[in-house]
Amino acid sequence: MGIIAWILIGLLAGIIAKALMPGKDPGGIIITMLIGIAGGLLGGWLGKAIFGVDSIDGFFDLSTWIAAIIGSLILLALYRVFTGNRRHA
């Protein structure tokens, strides 16, 4: 897959992860989209490292989307843990 496809999958996975884990994040939509892109890459890597499967077969493969969403959920949860409930003045 090309980089444009990865960005698109990451953006959509970030939106889905945000829908599954609603709440107010300090970074807003831009940070959520960046987390989605990084989460897609993380999910693909984890699928290959842990299960030994190529979870990034193609744009329309279910395993690609599941891996991207799980990776996005992991990064979104970590982001919330590390940023906490910071209040901006």
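Mentor: A helix is a DSSP run of H or I with at least four residues, a strand is a run of E with at least two, and both are numbered from the N terminus. An example is threonine 83, whose place is in helix α3. The model before you is predicted: local features require pLDDT of at least 70 and side-chain atom pairs pLDDT 80 or more, while totals for chains, interfaces and linings use all residues. Residues are numbered from 1 along each chain as its sequence is written, and side-chain values use heavy atoms, with hydrogens and water left out.

Trainee: How many helices and how many strands are there in the protein chain?

Mentor: The protein chain has three helices and zero strands. Read along the sequence, these elements give the pattern α-α-α.

Trainee: How should I read burial, and is threonine 83 buried or exposed?

Mentor: A residue is buried under 20% relative accessible area, exposed over 50%, and partly exposed in between (1.4 Å probe, protein chains only). Threonine 83 counts as buried because its relative accessible area is 13%. For the protein chain of 89 residues, the buried share is 30%.

Trainee: Which class does isoleucine 74 belong to?

Mentor: Isoleucine 74 also has its place in helix α3. Its relative accessibility is 32%, so isoleucine 74 is classed as partly exposed. Serine 63, another residue in helix α3, is partly exposed because its relative accessible area is 31%.

Trainee: How far apart are serine 63 and glycine 43, in sequence and in space?

Mentor: Along the sequence, 20 residues separate serine 63 from glycine 43, and their C-alpha atoms lie 9.8 Å apart.

Trainee: Which residues make up the largest nonpolar core?

Mentor: A nonpolar core is a set of buried Ala, Val, Leu, Ile, Met, Phe, Trp, Tyr and Cys residues joined through side-chain atoms within 4.5 Å. Here the largest one has five residues: Ile9, Ala13, Trp65, Ala68 and Ile69. The elements giving two or more residues to this core are α1 (3-20) and α3 (62-83). Helix α3 gives the largest share, three residues.

Trainee: Let us turn to leucine 11. Where is leucine 11 found, and what is it in contact with?

Mentor: Leucine 11 is found in helix α1. With a relative accessible area of 24%, leucine 11 is partly exposed. Its contacts, leaving aside neighbours within four places in sequence, are with Met33 and Ile37. Between the C-alpha atoms of leucine 11 and threonine 32 there is a separation of 8.3 Å, although the two residues stand 21 residues apart along the chain.

Trainee: What percentage of contacts between residues at least 6 apart in sequence join residues at least 24 apart?

Mentor: For the protein chain, 72% of the contacts between residues at least 6 apart in sequence join residues at least 24 apart.

Note on methods
Contact means heavy atoms within 4.5 Å.
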